[in-house]
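Here is a brisk tour of one protein chain. Keep the sequence and the 3D view open while you read.

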Amino acid sequence: ADCVCDPLIVLVIVVVVAGRWAQKLAKAGLERLKLEETVAHFLARIAKYAVWILAIPIAFEILGVRTTSLAAVIGAAGLAIGLAMQGALSNIAAGVLLLLLRPMKIGDWVELDDEFGEVIDIGIFYTNVRTFSRKTVILPNSEVLSNKIENYTDTELRRVEVPVGVAYDTDLHEAMKVLENAANGVEGRSDEESPQVILIDFGDSSINYEVRVYCAARDYLSMRTKTVLAIKDALDEAGIEIPFPQRDINFRNAAQIRTRKDEDSEDQSSRQTPSRTRPP
């Protein structure tokens, strides 16, 4: 038993070390070829697992399994493992498709399964996303591929859209100019696309605009904050009111309603007051 265990232990150590070196060397070689980081990570991991697979026949030889019966053993084991690992195999297939189709890559800001964050790794089985709250979400590749993928950094520019409402007694032409000046003055916006101010509709309590400013995709959140602040400061300086939802209630025949209310009050008080009569 000791004679068998010692070579197996040595083999495991050699395979672990060789797998790590194979992964590092494969990654370095792929990066020299200037392959994308996502592809390099994926193929480097495959190189590590390939070393482990190549070590399986050696382990069988150490255990004394004849090579003539090895094919039958592998075939039976492969069938059983395939049936038991259908989910894992679907994740592997989905990982390969994600690598080939490339709907996203490491470093992209995406929304997957209602989780928004940065893609930090696309592995053979799972995709890892780091959210704004600094938590890591691990999603199976099959779920990632089967659901909608929203990639916010696939393009260089992104449009910031800020809805703005003004009071109904506002001069719309003046408000338009104020909003255009505010949009043009937002610091850090992209000059490739001009800002836009669109008159949307007549709301319940305001006339609604939409201010659109373009920026680098990675600066979206900071640019949205800057745009909102610029709009608020410009409207305050121009004396333009931003209304809040309100309702006007009008009473008709208010005098009749008041008289009827007084009568009801008198009737109620007379019913509540007991009658006092002198004893005979």
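A salt bridge is a side-chain nitrogen of Lys or Arg within 4 Å of a carboxyl oxygen of Asp or Glu. Keep in mind that the model is predicted.

**Salt bridges**

By this rule the count comes to six salt bridges. The table lists some of them.

| Pair | Closest N to O distance |
|---|---|
| Lys148 and Glu150 | 3.0 Å |

In the pair of Lys148 and Glu150, Lys148 is exposed at 62%, whereas Glu150 is partly exposed at 26%.

**Overall build**

The protein has 280 residues, and 29% of them are buried. Eight helices and eight strands make up its list of secondary structure elements. Take the contacts with a sequence separation of 6 or more: 62% of them join residues 24 or more positions apart. The accessible surface comes to about 19,300 Å². Carbon and sulfur atoms hold 56% of that area.

**The cores**

In soluble globular proteins, nonpolar side chains tend to be buried together. The largest nonpolar core here has 23 residues. Which of its members touch the most other members? They are Val164, Leu179, Val211, Ile231 and Leu235. Four elements each supply at least two residues of this core: β6 (157–166), α6 (172–184), β8 and α7 (220–238). The largest share, six residues, comes from α7. A second, separate core has 10 residues, including Val119, Ile122, Val129 and Val144.

Leaving out residues up to four places away, Val164 touches Leu179, Ile207, Asn208, Tyr209, Val211, Ile231 and Leu235.

Is Thr227 buried or exposed? Thr227 counts as buried because its relative accessible area is 1%, and the cut-off for buried is under 20%. Thr227 sits in helix α7. A polar atom of its side chain lies 2.7 Å from the backbone oxygen of Met223. Beyond four places in sequence, Thr227 touches Val160, Val162, Val186, Val211 and Val213. Asn184 is 43 residues away from Thr227 in sequence, yet the two C-alpha atoms are 9.7 Å apart in space.

Now look at Glu210, in strand β8 (residues 207–216). Its relative accessible area is 16%, so Glu210 is buried. The side chains of Glu210 and Arg212 are joined by a polar contact of 2.7 Å. What else does Glu210 touch, not counting residues up to four places away in sequence? The contacts are Glu161, Val162, Pro163, Gln196, Val197, Ile198 and Ile200.

**A nonpolar patch on the surface**

Some nonpolar side chains are found on the surface. Ile9, Ile13, Val17, Trp21 and Leu25 form a nonpolar patch there. Together they have about 540 Å² of accessible area. Trp21 belongs to helix α1 (residues 2–32). Trp21 counts as exposed because its relative accessibility is 53%, and exposed means over 50%.

**Positive phi in two loops**

Most residues other than glycine have a negative phi. Arg102 has a positive phi, near 55 degrees. Arg102 lies in the loop between α4 (86–101) and β1 (109–112). At 49% relative accessibility, Arg102 is partly exposed. Arg134 also has a positive phi, near 65 degrees. Where is Arg134 found? Arg134 lies in the loop between β3 (126–131) and β4 (136–140). Arg134 is exposed, at 63% relative accessibility.

Methods: Residues are numbered from 1 along each chain as its sequence is written. This is a predicted model: local features need pLDDT of at least 70, side-chain atom pairs count only at pLDDT 80 or more; totals for chains, interfaces and linings use all residues. Side-chain values use heavy atoms; hydrogens and water are left out. Patches are made of residues with over 30% relative accessible area and no salt bridge: like charges are joined within 9 Å, nonpolar side chains (Val, Leu, Ile, Met, Phe, Trp, Tyr) within 5 Å. Accessible areas come from the Shrake-Rupley method with a 1.4 Å probe; for residues, only the protein chains shown count as cover. Buried means under 20% relative accessible area, exposed over 50%, partly exposed in between (1.4 Å probe, protein chains only). A polar contact is a pair of N or O atoms within 3.5 Å; within protein, one must be able to donate a hydrogen and the other to accept it, and residues adjacent in sequence count only if both atoms are side-chain atoms. Contact means heavy atoms within 4.5 Å. A nonpolar core is a set of buried Ala, Val, Leu, Ile, Met, Phe, Trp, Tyr and Cys residues joined through side-chain atoms within 4.5 Å.
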